Amino acid sequence: MSVQEASPRKRPNAGVNVLLGLTLLGLLLLMWVILAFATPTFWTENNITNLARQGSMIAILAIGETFVIITGGIDLSVGAVVGFCSMAIALLLGQHVPIGQAIIATLAIGLGIGLFHAFGIVQLGLPPFIMTLASLTALRGIGLLITNGATISITKDVFTGFSRGGFLGVPNLFWMVLVVAIPAYFLLHQSRWGRYLFAIGSNAEAARLSGVNVKAIIYLAYILSSVCAAFVGVLLAMRIGIGNPTQAEGWELQAIASSVIGGTSLFGAIGSIHGPLLGSFILTTINNGANLLNLNSFWQRIITGLLIIVIVYFDGLRRKKR
Amino acid sequence: MQAQSPSAAEEQGANRTGAAPLLTLEKLDKRFGATHALKAVDLSFERGEIHAIVGENGAGKSTLIKLLTGVHPRSGGEIFWEGAPVALASPPEAIGMGINAVHQEVVLCPHLTVAANLFLGDETVRFGFLQHGAMVREGQKLLDELGFDLPAAVQLSSLTIGQQQLVATARAERRGAKFLIFDEPTAYLTRTETAALFLLIRRLKAKGVTIVYISHRLEEVFELADRVSVLRDGALVGTRKISETNENDLIALMINRSIEQIYHKDKVGLGATILETKGLSGKGFEDISIRVREGEIVGLYGLIGAGRSEFVQSVFGRFPATSGEIVWRGKKVDIRSERHAMDLGIALAPESRRDQGLCLNLGVGFNINLPIFDKLSFGPLINIPSEARHAERQIKEMQIKTASRNANASSLSGGNQQKIVIAKWLNHGAKLFIFDEPTVGVDVGTKAEIYRLMGQLLHHGAGLILISSYLPEVYELADTLHIFRRGSIAASHAFKDASHETILTEAIGV
């Protein structure tokens, strides 16, 4: 008599990681092929560049978010940081600050926000969930106070023109993904700090007892997340030509979902850079496809929500098996 | 389950009536994927016997428990309960039949009271309301009857791990267990607690309860058990009456290695002083003066809570000392942080490997390299080939049994996990190794390996501090032995300078 066979225990290693990446890539291509046949508008230059631009911003957010999630934390504030920073750069440009300096100053704001998050989490011992949720609502509030609810338009065409431009036929915004992803890859997979991020996500106490400066690495993770979000804020301001602190609502969930679809474990210590990249374009394709198929846009939110539940459920299963 | 025709089952059942054992296993088999964890085990458990099961880590003891308690389904074979075949497919089914297990790691609710834990899932209720008072009274009565000196009204988490274990036992007793499995129950118990537990086990036996007792401590097996079964590599290699066997016989069955080879003590010439503490005091310890030289094992023996761990934690910079001084290789140092201690060359193999020592869901190689990633880096980037080389070399040198350096640390046995912790420090250039209970929950074979490893460290000119609550261990290994009692050193001895009895008396302080 055979009782049910135990499933073989798979361990995440490089092989499985590549396998997951290929599966996601296959899924993405499959969705593109289906949409290309199902709708007349999907495979048009206009739509593809649109998809690339939208996906790029979520991809950069997701990469930053991944650093935090690998340490076993979460950053719920990234959407608010995007909105706040789009406002910040619009204000700076309105004061005739040179573009380069305005971008650097905006990224510095992101750095400050990340420092603040890490301070609350490391020094005050607040749960990351609470700390970043609180700053989500506070940042939107500060932004609304500063602008009094008004939208600030950007008149510098050089600035806004960049987002519409391209290089080698690829939208500039997509190049920006590589600008972030390549250093991020080296940091996460090829540097000791990347190793420490994983170690902390797996067992912070063991990492500490092995001489890892756990506090500094947690600071690093939250700063990276916020700086990536600030960068996306700059890109968003370029793309829509306005600054408004209420922009990018709900993008934190898209970033988290992208990261998790890409194989990052919400329980920490598992994740990559290519995963959230693929995840964000899958998510963006779902939203884009839903639009083209004339699905009520409210459905997109429901789909995103359900997707998160399903994926986190499987993530939990994966953890239990070990 | 339906594959078995009912008539065949009845026939087999009929054969067993009369003096049928309480539980019989026939060709019990378990596979996890490619791993054959349990190989056609035939075993029977009589009513009211204490049946010990021994074997090295990974011999299949845990798997056997999990099959008996319904946690895992079996891959093949039959289980008969009072002569009749049973499915035993879920934990509630096992508990319903009267099979209970007391695990090494306590599975209770730490935030509830002792009484609430005792009655969990079976609360005393009147008109829909919990009867807290009645449960505390009943619970206290039960604890008193069992001879445990424990309060029923306090929160469980305020008790020591050992005391919580006793609560778990009392709970199993309350649930009317007929078949009770103890998995390494004494690993975290003090002597008095162990004595109370043994008394309870004997009382349960007298009431006709069948006890399965799993332990690495063979002396306990000889003290308690009626019969003992030995598992090796998932197969049953023998069952003996306790009166017809001895420790050497059992160890030979378990590993083919004699007991003299376990406590392998290398004689190494003592060199310069590495660490000296002078009148060191802090939270939980007072006026501790010890010296550790190159090639020396300094044993710290005492009951749990005697201040040994607190003392070494302050040497390791975790809770800096409040007075006294530490001299490190001739220089007075003030160790304020763990980082500082590590940079000096102090390594701590913590008591709780799982909580403090390892990143379990990361690779073996990752764990080994964790303290030295800065040395494996060239500029900001890690030298990936040298990272791999280094991990491979340590795995080979320490003889860590693992599928590959990328396998998760959690997939290794306890002993091999301990080896990873030690390997971590070897190339970090540590000079002083602090081992806090290095062999708790580790089998005889791995113990021997860990002791050999300590010998290797001594040959490299390192000094060792060995904290242990297991007297034979410190007795056989320590060149200098300090006995801790209530936060201070009660006595000190040179190698085998005092008898076991003297040392025990000094530790307990009669």
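In the hairpin of β13(B) and β14(B), where two residues lie between the strands, G284(B) adopts a positive phi near 95 degrees. The structure is a predicted model, in which local features need pLDDT of at least 70, side-chain atom pairs count only at pLDDT 80 or more, and totals for chains, interfaces and linings use all residues. Residues are numbered from 1 along each chain as its sequence is written, while chains are lettered from A and ligands numbered from 1 in the order in which they are written.

Strand β13 (residues 273–282) and strand β14 (residues 285–288) of chain B run antiparallel and are joined by two bridges. Across the pair, L280(B) has I288(B) as its bridge partner in β14(B). Helices here (H or I, at least four residues) and strands (E, at least two) are DSSP runs, numbered from the N terminus, and two strands pair if DSSP finds at least two bridges between them.

**Two open sheets in chain B**

One open sheet of chain B has six strands in the order β6-β9-β10-β3-β11-β12, with mixed pairing. Its edge strands are β6 (99–102) and β12 (235–241) of chain B, each pairing on one side only. Neighbouring strands are turned by 20 degrees against each other on average, direction ignored. Helix α2 (residues 61–68) of chain B packs on this sheet and touches β3, β6, β9 (179–183), β10 and β11 (227–232) of chain B, with its direction making about 150 degrees with that of β9(B). Helix α7 (residues 191–206) of chain B lies across β3, β9 and β10 of chain B, at about 145 degrees to β10(B). For these contacts, two residues touch if their C-beta atoms, placed from the backbone, lie within 7 Å. Axes are lines fitted to C-alpha atoms, for helices over the stretch in contact, and angles run from 0 to 180 degrees between N-to-C directions.

| Strand | Partner strand | Bridges |
|---|---|---|
| β3 (residues 50–54) of chain B | β10 (residues 210–214) of chain B | four |
| β16 (residues 297–301) of chain B | β24 (residues 480–485) of chain B | four |

In β10(B), V212(B) is the bridge partner of H51(B). L300(B) stands opposite H482(B) in β24(B).

**Helices side by side**

In chain A, the axes of helix α3 (residues 78–94) and helix α5 (residues 128–147) come within 9 Å and cross at roughly 20 degrees. α3(A) and α5(A) are therefore roughly parallel to each other; angles under 35 degrees count as roughly parallel, over 145 as roughly antiparallel, 65 to 115 as roughly perpendicular and the rest as oblique. Residues making the contact include F84(A) and M87(A) of α3(A) and L136(A) and L139(A) of α5(A).

In chain B, helix α5 (residues 132–146) and helix α6 (residues 161–174) pack at an angle of about 105 degrees, with their axes 11 Å apart. α5(B) and α6(B) are therefore roughly perpendicular to each other. Their contact is made by L142(B), L143(B) and L146(B) of α5(B) and A170(B), E173(B) and R174(B) of α6(B).
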